[in-house]
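This report walks through one protein model, part by part, for a reader who is new to reading structures. Please keep the sequence and the picture at hand while reading.

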Amino acid sequence: MRNVVFFDGVCHLCNGFVDAVISRDKSHTLLFAPLQGTTAEELLPSEDRVKLDTVIYFEAGKIYHRSAAILKILTKLGGLYKILSIAWIIPGPMRDMIYNWVAKNRYAWFGKREFCRLPTKEERSYLLD
């Protein structure tokens with residue numbers, strides 16, 4: 001299994017993040033699946049599938065949550081995004097404090113969809129569910 005980014009399929013901010021990463025993933029190393037989908041059911045423990053307030057990154061059987069997931073994803077994009085790996089020096093609880101604040105307010109700030117995203121033709125090769 002390749003590297004999979006799991007996201008809240010009804011969150012506008014999460015979907016915007018997915019759109020941004022897809023457009024920058026030139027080597028097509030990442031796949032995407034909503035936390036509400038069958039791929040999440042197959043690869044993630046049940047406690048992770050109910051936590052819709054976090055992006056989850058799955059790589060080589062290891063699961064990353066919150067800011068660690070974001071940093072792993074951005075680092076995978078390569079190029080200038082690798083510079084962001086310097087954020088690993090910030091302790092995880094401090095990074096996650098900011099992440100949690102944004103996650104808590106994401107629906108109020110960015111809105112919520114009624115249904116999970118439908119991929120465009122170009123995105124179909126990236127999305128698993």
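The model described here is predicted.

## The sheet and its order

A sheet of 4 strands is found in this model, and the sheet is open, with the order β2-β1-β3-β4 and mixed pairing. The strands at the edges are β2 (30–34) and β4 (62–65), and because each has a single partner strand, one side of each is left without a neighbour in the sheet. From one strand to the next, the twist averages 25°.

β1 and β2 run parallel and are joined by 5 bridges, and one of the bridge pairs sets Asn-3 against Leu-30 in β2. Strand β1 (residues 3–7) and strand β3 (residues 56–59), by contrast, run antiparallel and are joined by 3 bridges; here the bridge partner of Val-4 in β3 is Phe-58, while Val-5 stands opposite Tyr-57. β3 also pairs with β4, again in the antiparallel sense, over 4 bridges, and in that pairing Phe-58 has Ile-63 of β4 as its bridge partner.

Since 5 of the 5 residues of β1 are buried, the strand is largely enclosed by the rest of the structure.

α1 lies across β1 and β2, and its direction makes an angle of about 165° with β2, whereas α4 lies across β1, β2, β3 and β4, running at about 110° to β4.

α4 is mostly covered, with 8 of its 11 residues buried; the buried residues are Arg-66, Ser-67, Ala-68, Ala-69, Ile-70, Leu-71, Ile-73 and Leu-74. What covers these residues includes the strands β1, β2, β3 and β4, together with the helices α1 and α5.

## Residues with a positive phi

Ala-60 is found in the loop between β3 and β4, a hairpin with 2 residues between the strands, and its phi is near 50°, a positive value in a residue other than glycine. Is Ala-60 buried or exposed? Its relative accessibility is 75%, and because a residue counts as exposed when this value is over 50%, Ala-60 counts as exposed.

Arg-66 likewise has a positive phi of about 50° although it is not a glycine, but its place is in helix α4. The relative accessibility of Arg-66 is 17%, and because the cut-off for a buried residue is under 20%, Arg-66 counts as buried. Just after α4, Gly-78 takes a positive phi of about 75°.

## The largest pocket

Rolling a probe the size of a water molecule over the atoms shows where empty space is left. In this model the largest pocket holds about 390 Å³ of space, and the elements that give two or more residues to its lining are α1 (12–24), α4 (66–76) and α5 (92–110). Which element gives the largest share of the lining? That share, 6 residues, comes from α5.

The lining of the largest pocket is made up of 19 residues, among which Leu-13, Ser-67, Ile-70, Tyr-99 and Val-102 lie nearest its centre. By kind, the lining residues divide into 13 nonpolar, 2 polar and 4 charged. Two of the residues nearest the centre, Ser-67 and Ile-70, are also listed among the buried residues of α4.

Note on methods:
Residues are numbered from 1 along each chain as its sequence is written. This is a predicted model: local features need pLDDT of at least 70, side-chain atom pairs count only at pLDDT 80 or more; totals for chains, interfaces and linings use all residues. Side-chain values use heavy atoms; hydrogens and water are left out. On a 1 Å grid over the protein atoms alone, a cavity is a set of points where a 1.4 Å probe fits but cannot get out, and a pocket is an open set with protein on both sides within 12 Å along at least five of seven lines; lining residues have an atom within 4 Å of a point. Grid points are joined across faces, edges and corners, and a volume is the space filled by probe spheres set on the points. Ala, Val, Leu, Ile, Met, Phe, Trp, Tyr, Cys and Pro count as nonpolar, Asp, Glu, Lys and Arg as charged, and the others, Gly among them, as polar. Two strands pair if DSSP finds at least two bridges between them. Axes are lines fitted to C-alpha atoms, for helices over the stretch in contact, and angles run from 0 to 180 degrees between N-to-C directions. Contact means heavy atoms within 4.5 Å. Buried means under 20% relative accessible area, exposed over 50%, partly exposed in between (1.4 Å probe, protein chains only).
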